[in-house]
Amino acid sequence: MNKVEFLSPAVESDRGPVLSHELRPPPKAAKLLLCVWGYSYVRQFLECGLPTLLAPGNVPALTAALPTEFVVLTSADDEAFIVEHPTFKCLDAICKTTIHPIDHLITDGNYSTTITLAYTEAVREVGEEMVDTCFFFLVSDYIVADGSFANALERMQRGTSAVVVGNMQVARESALPWLQERLAGNELSLSLHPREVMQWALNNLHPLALANIVNLPFSHNTDSNRLFWRIDGNTILGRFYLMHMLCVRPEVTDFVIGSSCDYSFIPEMCPSGNVDVITDSDEYLVIEMQARIHESKFLRPGPIEVVPLAKSLSEWTTSVHRKNANYSLFFHADELPPEVNRSIEQADRFVAEVARHLSRKPQPYRGHPYWHGAMAAFHEVAGRRLNNEEWIYALGLPETPNKLTNWLLWHSKFALMGKPPHVLPWHPAWPDFQTVIRELDSFYHDPTQRLLLLSNEPTAFSVALADNDERTHRLRCRPFLKNPPERYERLHGKFDLCLLELSETDMEDGGELTDRIVPLLKNGGRIILFVLNRRIVDHAGEFGGSVTYQSSRFIRSAAVPTEIHFVPSNTARRWGRNGMSKLRRWMNRHLWLTAPLTAISAGFLLACSFVGNLDARRATRRVAGRGHLSSFVMRLTVDAPKIGASQPLSRARAAHERQEALTKTTAGMLPAVTKETREPQYNRCLELRDSIGLTSLGLMTNQVWYDDPRRLTFLLARYKFVAKMLAGSRNVGEVGCGDAFGTRVVLQEIPDVTVYDFDPLFIQDVRSRRDERWPLKAEVHDIVSGPLPRKHDALFSLDVIEHIAPSSEHAYLANLCNSLAENGVLMIGTPSLESQTYASPPSKAGHINCKTSSELKALLQKYFEHVFIFSMNDEVVHTGFSPMAHYLFALCTGPAWEGQDFQRRSSGEAREFAICEARDGSGYYVRVTHPNTEPERIEGFASVADAARWIGVRALDWSKAERPPFA
């Protein structure tokens, strides 16, 4: 067996530590812990990962050997979806299952911290019995080869305390189709042979995995934690600094967690070093599916270089990580080739060379620097009061490796410039902070007032005002908007003020944020919107125009602006700000060399800031003007409680009036029936009854009206939406019409409508109810078998795609594309996947291919240039949160599928975009290469995301401007 030794201080325990040479008796129980939350991740786990866990050699093998419990650590919102899923029910039939809510641990963008705390919480709940329990720590996006868990358990039963493993990453976009094909017919349990899985992985390696291959000098990963050597087309050798702790049987019960789980669990829980490493993919193989773009920011062209790699590893590797790299892990889809030993020697030499350049002292696994930052961010989200060290970590402020230097640097800075937001007048951001502080003056002086803090990231105010939820309550904007409003009902009317700190791009959510914040404030409460200008280059004062435009989103009937401040950024302030930023970067690189320069120039820069700040404070204005701005502050006053108070009164009055009318009506006798209606305008009803008879329902609508009358209103609302969207078309076709009862609504807007269905009975029913006033053409046609007999300006297909098998999706959509005239439009309507949990049995009969909105859009974008998704709940169509929609509409334009009679036109050579980092580290720029011209350079982007967003907008604009008409 491969053994890993750990240098760990002795940890006291009633049972005493296990000696390094001691093999333990077999464990008495197994507990599998898996963290997953968020609909898309939960669904991927249930549909892709869990079936592979249910292969005979995985979870069933554990249950056959030991009492086994499977614990899903998730959010309360995801619990219902999980427990009702067929695959989870299959798991529940095999072993004991538990749903463990971890909402108190889930924070936005802090995944590693959340799973570490969740795992720790679940282990400690077992108590003293944890030393006899084998814990499997699972990840939701793992695809596990059959037999992997059984082999790992066998090692644990032989007396080892832990098993660590490596894994391989694949690109989800290219890898998923094969997996879905293998899952077809095996949705509840999928057995995959390790070599079969490895061959699949080798054909779909993630860009990060390719970048880690030392002898493939195509690209490299600047944040690598593993290295690979390609031996041949079927074999890869791996050296992992960071290994996953698959199985752990704790040796002590009072362990301390001072870093993330894959840094600390092994040395803390198993201090003896009685640990096995599985080195052969035939014995254990897990494939991690990640989006191709995952961590792409770390990819660089060219080969892996020893010195930069060693510098990166020195920042985070512990002694355990460095020892891990001595183990050779083999991933192979066939027998190991004879060249294995030569590759091992190459790996040994390279790892030894890297080790020679590593820092002498490894990072500690208890109190790891990364953990300090992670816990600071975690505590900041929870609104806890932070100490000075956590304060620096939470704001992501730059630091040096030397703790003493850090202490001196930051204490001198705070002494010289003040601690944000209460900074001294020569601090570059003093006018911006002072404007907000004045707006919060009542909160500072009235101890009874409560403040709601909302932002997407830690800020000087969110950190400084945190008080363990005594007077301030901290929320992140993204989860706040994502979660249902009911979750925050306990906070209604609790706050006097709300400080809303946003970036420029986050202002797009202004209207929704205001609507969600207003109920949480008291009558007369105030919302203080604070937006800092983070543009590196603000051409022509674009920031002012942008925030002026976006701020209108926040104005609602229940929240009106009562004060606005535009804080100017004059030349002196910009000199001070930019100069201080450059000095800070120089000090981070060469602290002691730049100290004299800093002492000389800092005084001048602070003087510039001071003069500029005084002028800015004097010139703060209520209109943007033409100059540069450093921030924008708007106060909105809330009067929603008055509006809310009047609504129950009006509802009560209306209910009282209805009750009086009902009382008067029921007091009399039922009058005699006559040949005419009491009100003459309704005699038209009798005329139609006598002349054309009473119209019958169709075959399907008759069943709907009998079983679930409400569904008929939903159906007619869907047809009305189609009619309005396609109004103006010359001729329209409906594919999969059923009894076409609602199609008459479309005929009101479009004179020529033809309906198609593959079932002759339905077409016969449609023809039997044909009316001369509503001339509807009906034809039998199977759209999967071929295009329609004629082309239409527009097509719509409601409640069809969910009945189409995934294997027939392409034929269905390709034939729809080929049935459209040039510039044709298609509308698809389908129940959402999320709605199926609540759907009645008749409404979901035959639904084998329901989709989420993102899945539907992704599919249709393969066939159309533009796809617009609408949501529908009952009779209401909207653009709201699609996972809560019962029904989805997709409006598709610009058919892009190349069929027999349709060829997509191109405007010639395409433009090329490249995002580049500025040499001075001041930001990013975009290089645009136009066809047959010199490249153009667009500067002034603070982040890669801003540059990518600009590219998307410009590319769309150019595409629209240059797209030629169809011939």
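Where does serine 259 lie, and between which two elements is its loop?

**View 1. Serine 259 in its loop.** Serine 259 sits in the loop between β11 (244-248) and α10 (261-269). Helices (H or I, at least four residues) and strands (E, at least two) are DSSP runs, numbered from the N terminus. This is a predicted model, where local features need pLDDT of at least 70, side-chain atom pairs count only at pLDDT 80 or more, and totals for chains, interfaces and linings use all residues. Residues are numbered from 1 along each chain as its sequence is written, and side-chain values use heavy atoms, with hydrogens and water left out.

**View 2. What surrounds serine 259.** Serine 259 counts as buried because its relative accessibility is 1%; buried means under 20% relative accessible area, exposed over 50%, partly exposed in between (1.4 Å probe, protein chains only). Leaving aside residues up to four places away in sequence, serine 259 touches Thr116, Ser264, Tyr365, His368 and Trp371 (contact means heavy atoms within 4.5 Å).

**View 3. Strand β10 and its covered faces.** In β10 (residues 235-240), 6 of 6 residues are buried. One side carries Thr235, Leu237 and Arg239, the other Ile236, Gly238 and Phe240, and all are buried. In a regular strand, side chains alternate between the two faces of the sheet.

**View 4. The partners of β10.** Strands pair if DSSP finds at least two bridges between them. β9 (residues 226-232) runs antiparallel to β10, joined by 6 bridges, and a hairpin links them through 2 residues. Look for tryptophan 229 opposite leucine 237. β15 (residues 329-332) is also antiparallel to β10, with 4 bridges; here leucine 329 is the bridge partner of glycine 238.
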